[in-house]
Amino acid sequence: MSKERNRHPLSTIWQVDYGDSDVLMIYDWHAGPYPSRVRIAVAELGLTSHINFTSVDLWTGEHKRPDFLAKNYSGTLPVLQIEDGTYLGECTAITQYLDALGDTPRLTGTTPRDQGMIHMMTKRAEIEFLDAISVYFHHATAGLGPDVELYQNAEWGLRMRDKALRGARYFDGVLKDQPYVAGNAFSMADITVIAGFVFAKIVGLQIPTELVSIHAWHARMLERPSVQHWKEMHLPSEATNSSRPAV
């Protein structure tokens with residue numbers, strides 16, 4: 001595919017003739033904290049109308065079955081299917097790909113310094129906050145239920161809960177001195193910490209109120225339309241009648 005021929009602004013994407021179907025497909029679950037990262041990115045980049053969604057039910061373990069594992073060895077959501085049929089897993093990789101579709105990256109940095117800072121802070125947000133909450137959910141709570149959670153270690157889960165709270169304190173310190181997680185502009189790193197707050201709400205993990213800076217930052221993030229409406233981007237019909245927790 002020639003970039004010169006197919007390059008477009010963020011309001012469009014590289015065009016490939018697939019008949020009436022959209023070029024890109026995202027496999028996710030409408031209320032998942034990790035899917036929220038890519039959904040927010042999609043909205044921020046103005047790509048909502050160019051992507052189809054396929055629901056993969058976390059609660060039934062659909063993401064751990066052979067047909068899905070053939071798409072993503074890790075058995076995690078979300079997954080992006082790109083124009084040539086390749087499957088991209090991992091939120092950072094998906095966001096990087098989507099951000100590169102436009103002429104000017106908006107979420108992953110335009111200078112080497114900004115790119116490095118954004119990727120560093122995104123990784124820290126994953127390890128110190130979001131992923132730690134995920135481990136707490138899967139090991140120290142009922143998680144996705146006994147049909148999916150085949151092994152649990154409650155002690156490890158509680159340690160990761162405490163790690164997540166330490167991570168929140170770290171980011172509170174970062175946000176005392178700058179408006180966004182990686183510096184002076186909204187980025188993929190902010191989206192990752194937002195997803196941590198999404199997960200914290202699901203598991204009932206209270207971020208200490210004395211962490212004033214991170215709470216003030218989060219209040220500002222909640223004013224962004226992409227953060228307010230990411231669940232509504234695609235809502236499977238069965239979800240409206242479900243009594244299961246929103247994960």
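**Exercise 1.** Does Asp114 count as buried, partly exposed or exposed, and at what relative accessibility?

*Solution.* The structure is a predicted model, in which local features need pLDDT of at least 70 and side-chain atom pairs count only at pLDDT 80 or more, while totals for chains, interfaces and linings use all residues. Residues are numbered from 1 along each chain as its sequence is written, and side-chain values use heavy atoms, with hydrogens and water left out.

Step 1. Recall the classes: buried means under 20% relative accessible area, exposed over 50%, and partly exposed in between (1.4 Å probe, protein chains only).
Step 2. Asp114 has a relative accessibility of 32%, so this residue counts as partly exposed.
Step 3. Its salt-bridge partner is Arg113, at 3.9 Å from N to O; Arg113 counts as exposed, at 59%.

**Exercise 2.** Determine how many salt bridges the whole structure contains, and describe the one between Arg39 and Asp28.

*Solution.* Step 1. A salt bridge requires a side-chain nitrogen of Lys or Arg within 4 Å of a carboxyl oxygen of Asp or Glu. The search of the whole structure finds 7.
Step 2. One of them joins the side chains of Arg39 and Asp28, with 2.6 Å from N to O.
Step 3. This pair links distant parts of the chain, 11 residues apart: Arg39 belongs to helix α2 (residues 33–44) and Asp28 to strand β1 (residues 24–28). Helices (H or I, at least four residues) and strands (E, at least two) are DSSP runs, numbered from the N terminus.
Step 4. Arg39 is buried, at 1% relative accessible area, and Asp28 is buried as well, at 0%.

**Exercise 3.** Locate Arg159 and Glu155 in the chain and state how many residues apart they are.

*Solution.* Step 1. Both residues lie in helix α6 (residues 154–177), 4 residues apart, or about one turn of the helix.
Step 2. An α-helix has 3.6 residues a turn, so residues three or four places apart point the same way.
Step 3. The side chains of Arg159 and Glu155 form a salt bridge of 3.4 Å, N to O. Glu155 is exposed, at 51%.

**Exercise 4.** Identify the residues that Val193 touches.

*Solution.* Step 1. Contact means heavy atoms within 4.5 Å.
Step 2. Leaving aside residues up to four places away in sequence, Val193 touches Ala125, Phe129, Phe171, Val181, Ile214 and Trp217.
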